[in-house]
Amino acid sequence: MTSTETGRPERTAEITETGPAGRGEREDEVVLGISPAFCSFFTKTISNIPLAEVLREVMAGVEEQGVALRIVRVKDSSDLAKIAHRAARLSGSGIGVGILSRGTSMIHQKDLAKLSNLELFPQAPLLTPETFRAIGSNAAQYAKGESPAPVPVQNDFMARPRYQAKAALLHLKETEMIEPDGGIVELDVSIRRAGS
(Lines give C-alpha, C1' and ligand atoms only; values in the text may rest on other atoms or scores of the structure.)
Protein backbone atom coordinates (compact mmCIF):
# COMPACT_ATOMS: atom_id res chain seq x y z
CA MET A 1 0.00 0.00 0.00
CA THR A 2 1.27 3.49 -0.77
CA SER A 3 0.46 6.64 1.12
CA THR A 4 -0.98 9.13 -1.35
CA GLU A 5 0.18 12.00 0.84
CA THR A 6 3.86 11.04 0.86
CA GLY A 7 4.28 8.65 -2.07
CA ARG A 8 6.10 6.30 0.33
CA PRO A 9 5.13 2.84 1.51
CA GLU A 10 2.67 3.05 4.41
CA ARG A 11 4.21 1.92 7.71
CA THR A 12 2.89 1.13 11.14
CA ALA A 13 4.53 1.59 14.52
CA GLU A 14 4.19 -0.98 17.26
CA ILE A 15 4.89 0.77 20.57
CA THR A 16 5.22 -1.01 23.90
CA GLU A 17 5.79 0.68 27.25
CA THR A 18 8.65 -1.00 29.11
CA GLY A 19 8.55 0.94 32.39
CA PRO A 20 9.48 4.30 33.87
CA ALA A 21 12.18 6.15 31.93
CA GLY A 22 15.49 6.68 33.70
CA ARG A 23 18.53 8.82 33.00
CA GLY A 24 20.82 7.29 30.41
CA GLU A 25 24.50 6.72 31.04
CA ARG A 26 25.66 6.50 27.43
CA GLU A 27 27.35 9.66 26.22
CA ASP A 28 26.47 8.73 22.65
CA GLU A 29 22.70 8.74 22.89
CA VAL A 30 19.78 10.94 21.95
CA VAL A 31 16.43 10.65 23.70
CA LEU A 32 13.33 11.25 21.60
CA GLY A 33 10.34 12.37 23.66
CA ILE A 34 6.92 11.95 22.09
CA SER A 35 3.67 13.49 23.26
CA PRO A 36 0.79 11.65 24.99
CA ALA A 37 -1.31 10.93 21.88
CA PHE A 38 1.56 10.32 19.41
CA CYS A 39 0.94 7.02 17.55
CA SER A 40 -1.92 6.20 19.91
CA PHE A 41 -4.91 8.49 19.36
CA PHE A 42 -3.21 10.33 16.47
CA THR A 43 -1.61 8.47 13.57
CA LYS A 44 -0.68 11.36 11.23
CA THR A 45 0.77 14.85 11.52
CA ILE A 46 -1.23 17.96 10.69
CA SER A 47 -0.03 17.58 7.07
CA ASN A 48 -0.94 13.86 6.91
CA ILE A 49 2.54 12.35 7.28
CA PRO A 50 2.09 9.03 9.10
CA LEU A 51 3.60 9.26 12.58
CA ALA A 52 5.23 5.85 12.03
CA GLU A 53 7.10 7.49 9.12
CA VAL A 54 8.11 10.42 11.36
CA LEU A 55 9.56 7.96 13.90
CA ARG A 56 11.29 5.97 11.17
CA GLU A 57 12.94 9.08 9.71
CA VAL A 58 14.14 10.46 13.07
CA MET A 59 15.47 7.01 14.01
CA ALA A 60 17.30 6.71 10.67
CA GLY A 61 18.82 10.19 11.02
CA VAL A 62 20.23 9.36 14.45
CA GLU A 63 21.41 5.90 13.38
CA GLU A 64 23.25 7.27 10.33
CA GLN A 65 25.41 9.32 12.71
CA GLY A 66 26.33 6.21 14.73
CA VAL A 67 24.52 7.40 17.85
CA ALA A 68 22.12 5.41 20.05
CA LEU A 69 18.47 6.43 20.37
CA ARG A 70 15.99 5.88 23.18
CA ILE A 71 12.33 6.78 22.79
CA VAL A 72 10.13 7.87 25.68
CA ARG A 73 6.56 9.05 25.99
CA VAL A 74 5.93 12.08 28.18
CA LYS A 75 2.46 11.24 29.43
CA ASP A 76 1.91 14.22 31.71
CA SER A 77 2.42 17.15 29.32
CA SER A 78 1.52 18.34 25.83
CA ASP A 79 3.98 21.26 26.01
CA LEU A 80 6.69 20.85 23.35
CA ALA A 81 9.41 22.71 25.28
CA LYS A 82 8.74 20.60 28.38
CA ILE A 83 8.75 17.33 26.40
CA ALA A 84 12.00 18.17 24.58
CA HIS A 85 13.73 19.48 27.71
CA ARG A 86 12.75 16.45 29.76
CA ALA A 87 14.01 14.16 26.97
CA ALA A 88 17.34 16.03 27.00
CA ARG A 89 17.61 15.68 30.78
CA LEU A 90 17.13 11.91 30.46
CA SER A 91 19.79 11.61 27.75
CA GLY A 92 23.33 10.57 28.63
CA SER A 93 24.59 13.09 26.08
CA GLY A 94 22.22 15.80 27.31
CA ILE A 95 20.55 16.05 23.88
CA GLY A 96 16.87 15.37 23.36
CA VAL A 97 14.24 15.79 20.68
CA GLY A 98 10.58 16.48 21.36
CA ILE A 99 7.80 15.89 18.84
CA LEU A 100 4.09 16.61 19.19
CA SER A 101 1.49 14.53 17.35
CA ARG A 102 0.82 17.35 14.88
CA GLY A 103 4.54 17.35 13.94
CA THR A 104 5.88 20.43 15.72
CA SER A 105 9.41 19.52 16.85
CA MET A 106 12.37 20.78 18.87
CA ILE A 107 15.97 19.76 19.54
CA HIS A 108 16.94 20.61 23.13
CA GLN A 109 19.94 20.47 25.44
CA LYS A 110 19.68 19.65 29.13
CA ASP A 111 21.56 22.69 30.45
CA LEU A 112 19.51 25.23 28.50
CA ALA A 113 16.48 26.94 29.99
CA LYS A 114 13.25 25.13 29.13
CA LEU A 115 12.12 27.87 26.73
CA SER A 116 15.51 27.99 25.01
CA ASN A 117 16.51 25.29 22.53
CA LEU A 118 19.06 24.30 19.93
CA GLU A 119 16.59 24.15 17.03
CA LEU A 120 12.82 24.71 16.81
CA PHE A 121 10.50 23.56 14.01
CA PRO A 122 7.23 25.38 14.72
CA GLN A 123 5.57 25.21 11.30
CA ALA A 124 4.45 21.57 11.37
CA PRO A 125 2.51 21.80 8.08
CA LEU A 126 5.80 22.48 6.25
CA LEU A 127 7.82 19.62 7.77
CA THR A 128 8.60 16.72 5.43
CA PRO A 129 9.94 13.21 6.08
CA GLU A 130 13.34 14.53 4.97
CA THR A 131 13.13 17.28 7.59
CA PHE A 132 12.46 14.71 10.33
CA ARG A 133 15.47 12.67 9.17
CA ALA A 134 17.62 15.82 9.29
CA ILE A 135 16.33 16.58 12.80
CA GLY A 136 17.49 13.13 13.93
CA SER A 137 20.85 13.64 12.22
CA ASN A 138 21.43 17.06 13.78
CA ALA A 139 20.43 15.84 17.25
CA ALA A 140 22.96 13.01 16.91
CA GLN A 141 25.66 15.43 15.79
CA TYR A 142 25.00 17.63 18.83
CA ALA A 143 25.25 14.48 20.99
CA LYS A 144 28.72 13.87 19.50
CA GLY A 145 29.77 17.39 20.47
CA GLU A 146 29.61 18.72 16.92
CA SER A 147 28.02 21.98 15.75
CA PRO A 148 25.91 21.10 12.70
CA ALA A 149 24.37 23.70 10.41
CA PRO A 150 20.72 24.17 11.42
CA VAL A 151 18.22 22.04 9.55
CA PRO A 152 16.90 24.12 6.66
CA VAL A 153 13.18 24.78 6.97
CA GLN A 154 10.62 26.37 4.73
CA ASN A 155 8.70 29.39 5.85
CA ASP A 156 5.16 30.17 4.77
CA PHE A 157 3.51 33.19 6.36
CA MET A 158 0.11 31.85 5.32
CA ALA A 159 0.59 28.49 7.07
CA ARG A 160 -0.44 29.95 10.42
CA PRO A 161 -3.80 31.35 9.29
CA ARG A 162 -4.52 28.28 7.16
CA TYR A 163 -3.80 25.76 9.92
CA GLN A 164 -4.42 27.72 13.13
CA ALA A 165 -7.89 26.32 13.85
CA LYS A 166 -6.87 22.74 13.05
CA ALA A 167 -3.69 23.07 15.15
CA ALA A 168 -5.73 24.38 18.09
CA LEU A 169 -8.15 21.45 17.87
CA LEU A 170 -5.29 18.94 17.63
CA HIS A 171 -3.58 20.51 20.64
CA LEU A 172 -6.83 20.42 22.62
CA LYS A 173 -7.23 16.70 21.91
CA GLU A 174 -3.57 16.05 22.73
CA THR A 175 -4.03 17.86 26.04
CA GLU A 176 -7.09 15.73 26.83
CA MET A 177 -4.86 12.64 26.53
CA ILE A 178 -2.52 13.80 29.31
CA GLU A 179 -2.19 11.47 32.29
CA PRO A 180 -1.26 13.82 35.17
CA ASP A 181 0.37 11.00 37.16
CA GLY A 182 1.72 9.19 34.09
CA GLY A 183 5.24 10.62 34.18
CA ILE A 184 7.67 9.52 31.47
CA VAL A 185 7.81 5.94 30.21
CA GLU A 186 10.45 4.12 28.19
CA LEU A 187 9.21 2.73 24.87
CA ASP A 188 10.13 -0.18 22.68
CA VAL A 189 9.33 0.86 19.09
CA SER A 190 9.14 -1.38 16.04
CA ILE A 191 8.36 0.06 12.59
CA ARG A 192 6.87 -2.25 9.96
CA ARG A 193 5.41 -1.94 6.50
CA ALA A 194 1.63 -1.97 6.73
CA GLY A 195 0.22 -5.45 6.22
CA SER A 196 3.46 -7.28 7.02
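**View 1. Strand 4 and strand 5 as an antiparallel pair.** Strand 4 (residues 95-99) and strand 5 are paired in the antiparallel sense over five bridges, where two strands count as paired if DSSP finds at least two bridges between them, and where helices (H or I, at least four residues) and strands (E, at least two) are DSSP runs numbered from the N terminus. Within this pair, Val97 stands opposite Ile107 in strand 5. The two strands form a hairpin with five residues between them, and Gly103 in the turn has a positive phi of about 115°. The model is a predicted one, in which local features need pLDDT of at least 70 and side-chain atom pairs count only at pLDDT 80 or more, while totals for chains, interfaces and linings use all residues. Residues are numbered from 1 along each chain as its sequence is written, and side-chain values use heavy atoms, with hydrogens and water left out.

**View 2. Strand 5 with strand 6.** Strand 5 is also joined by three bridges to strand 6 (residues 119-121), and these two strands run antiparallel. Here Ser105 stands opposite Phe121 in strand 6. Four of the five residues of strand 5 (residues 105-109) are buried, so this strand is largely enclosed by the rest of the structure; buried means under 20% relative accessible area, exposed means over 50%, and partly exposed lies in between (1.4 Å probe, protein chains only).

**View 3. The aromatic pair of Phe41 and Phe42.** A search of the whole structure finds one aromatic pair, formed by Phe41 and Phe42 in an edge-to-face arrangement, with 5.0 Å centre to centre and 85° between the planes. Rings of Phe, Tyr and Trp (its six-membered ring) pair if their centres lie within 6.5 Å, and planes under 30 degrees apart count as stacked, over 60 as edge-to-face and the rest as tilted. Phe41 counts as partly exposed because its relative accessibility is 45%, whereas Phe42, at 11%, counts as buried. Lys173 lies over the face of Phe41, at 4.9 Å from the ring centre; a charge sits over a ring if NZ of Lys or CZ of Arg is within 6 Å of the ring centre and within 35 degrees of the ring normal.

View 4. Most residues other than glycine have a negative phi. Cys39, in the loop between strand 2 (29-34) and helix 1 (51-64), has a positive phi near 60°, and with a relative accessible area of 21% Cys39 is partly exposed. Asn48, placed in the loop between strand 2 and helix 1, has a positive phi near 70° and is partly exposed, with a relative accessible area of 32%.
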